[in-house]
Amino acid sequence: MTVVELPGSRLDDWWGRMQSTEAARRAWRWGGPAAVTAVAAATRLIGLGHPDVLVFDETYYVKDAYTLSQLGYEGSWPADPNVAFNAGDPSGFLPAASFVAHPPVGKWIIAAGLALFGADDPFGWRISVAVVGILLVVLTMGIAHLLFRRPLLTVIAGGLLAIDGNAIVMSRVALLDTMLAFFALLGVLFVLLDRGFAKRRLERWVDARGTSGWGPVLAWRPWLLAAAVAFGLATGVKWSGAYFLAIFGVYVVVSELLLRRKAGIEFWATGGLLKQAPVTFLLLVPLAAAVYLASWTGWFVTDGGYHRHWIESGGEAWTDGLAWVPTWFQNWWHYEVAVYNYHVGESTPHGYQSNPLTWLFLVRPTSMYYQGFSDGSIQTILGIANPLIWWASTAAAVYLVVRVALRLRRREAVSSEVLILVGLAAGYLPWLLYLHRTVFTFYTIAFEPYLILALTAALGMLLGTAADPERRRVAGIQAVGIFLGVSLALSAFFFPIWTAMSVPDWFFRIHLWLPSWL
């Protein structure tokens with residue numbers, strides 16, 4: 001006698017009853033992400049003003065943001081300015097310009113918090129970055145919704161980022177990298193929306209005109225223009241945002257080729273490369289460049305910025321075919337060249353530097369702050385991810401690479417997985433070109449959302465659906481439930497050393513699972 005195994009589980013039956021009305025389904029679609037957002041806000045905002053001193057590279061970015069807001073460019077400071085700044089007196093800056101290694105967008109955002117809450121308030125130093133960190137969680141959920149179309153996976157993706165230590169720490173210190181991550185991910189969201197927009201327009205064109213010839217030029221692409229703005233802002237935070245522009249530009253061109261082939265357009269390759277690709281380039285690159293250039297407005301409209309009058313001070317102006325270029329632009333370009341030379345040559349040893357080859361394995365976290373006390377307690381901010389979430393995300397990314405390769409061989413759809421991997425590649429692979437540079441593990445926040453999305457995709461496959469056989473479905477629910485529960489417990493365990501809570505020294509040391517974590 002053959003036993004027929006029913007699909008789903010008792011949990012699916014109960015959930016189906018709970019979601020039997022449209023009002024209940026709407027409450028879950030909005031209530032789940034809202035709860036995750038509340039968790040993200042709590043983990044990033046509570047106690048944000050502690051410690052009440054500048055930590056790690058806040059000593060650069062907070063003070064640069066303040067002088068930027070006062071002068072229009074980054075001013076310099078006298079020797080040992082942090083004592084007065086930490087005490088609430090930011091007035092000691094000098095009008096002389098300071099050489100800075102990063103563009104102004106992120107510092108303008110930090111300056112907004114200083115304007116709202118005061119430069120004498122540590123909460124004000126960090127609030128802008130914290131808000132961006134919360135929005136990064138929301139944005140990750142938005143992309144998860146578009147990719148997976150399963151409310152539970154949307155909540156899981158946002159929830160994992162909300163409770164991960166790397167994302168929490170990088171939202172609680174006034175550094176630039178969370179803002180880079182946000183604008184880059186915003187650009188990816190717009191690229192994803194453009195893909196659907198372009199597909200619908202191409203389908204309408206084919207319905208009206210057929211598939212013969214080279215196909216249309218899709219020039220009206222509002223989402224692609226929005227992506228250009230977002231990628232320009234990402235580059236205006238840190239230059240590594242330009243890699244997202246370049247790599248996702250290629251992604252858009254390849255996606256359009258595949259759309260044309262799938263639509264049956266006769267000369268899909270030549271039409272896509274010779275007609276559409278140049279238009280796509282013009283939609284993306286000039287606008288992104290203009291946004292980046294506009295981010296330097298404060299430098300352009302004032303006279304005191306670094307190298308603002310380089311030529312007037314004896315620098316060599318361009319000649320011959322470039323003599324027509326305005327002096328202000330030549331001065332700015334010379335400054336950009338100086339910044340580039342600094343970046344490619346920066347190899348000063350640092351105790352917490354880490355090789356990019358080790359980033360995916362969580363080998364060397366960054367200590368942002370450490371203070372010991374006479375009673376044996378300590379306070380620390382250790383920039384380390386939740387180990388389970390991070391290592392599982394790395395494994396999931398490897399799994400997606402293999403899965404995509406196998407599915408491509410079988411000519412099966414892989415669009416969601418490819419977009420995740422392209423985002424990961426844009427944020428991570430360029431760093432492999434600079435293995436000699438002094439870099440840090442916290443740079444990974446720029447591509448962490450894609451690691452989280454890769455993990456969410458893998459968890460979704462493990463979880464299955466209510467249409468799966470009961471034993472398969474129950475096993476998937478149990479495995480995912482255990483993983484999420486342990487992840488939450490680990491985040492609670494590590495939270496004190498992510499947020500500078502006072503803990504005994506022994507408590508801190510039991511978190512150091514690898515010798516290189518100290």
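Trainee: In which helix is Arg 44 found?

Mentor: Happy to start there. This is a predicted model, where local features need pLDDT of at least 70, side-chain atom pairs count only at pLDDT 80 or more, and totals for chains, interfaces and linings use all residues. Residues are numbered from 1 along each chain as its sequence is written, and side-chain values use heavy atoms, leaving out hydrogens and water. Helices are DSSP runs of H or I, at least four residues, numbered from the N terminus, and Arg 44 belongs to the one spanning residues 22–45, α2.

Trainee: Which side chain of opposite charge is nearest to Arg 44, and how far away is it?

Mentor: Arg 44 is buried, meaning under 20% relative accessible area with a 1.4 Å probe, protein chains only. Lys and Arg count as positive, Asp and Glu as negative, with His and the chain ends not counted. A salt bridge needs a side-chain nitrogen of Lys or Arg within 4 Å of a carboxyl oxygen of Asp or Glu.

Trainee: Why does Ala 34 count as partly exposed?

Mentor: Ala 34 is also in helix α2. Partly exposed lies between the buried limit and exposed, which is over 50%. Ala 34 counts as partly exposed because its relative accessibility is 43%.

Trainee: What span should helix α15 have?

Mentor: Helix α15 covers residues 387–409, 23 residues in total. The expected span is 1.5 Å times one less than the number of residues.

Conventions. Helix = DSSP H or I, 4+ residues; strand = E, 2+ residues; numbered from the N terminus.
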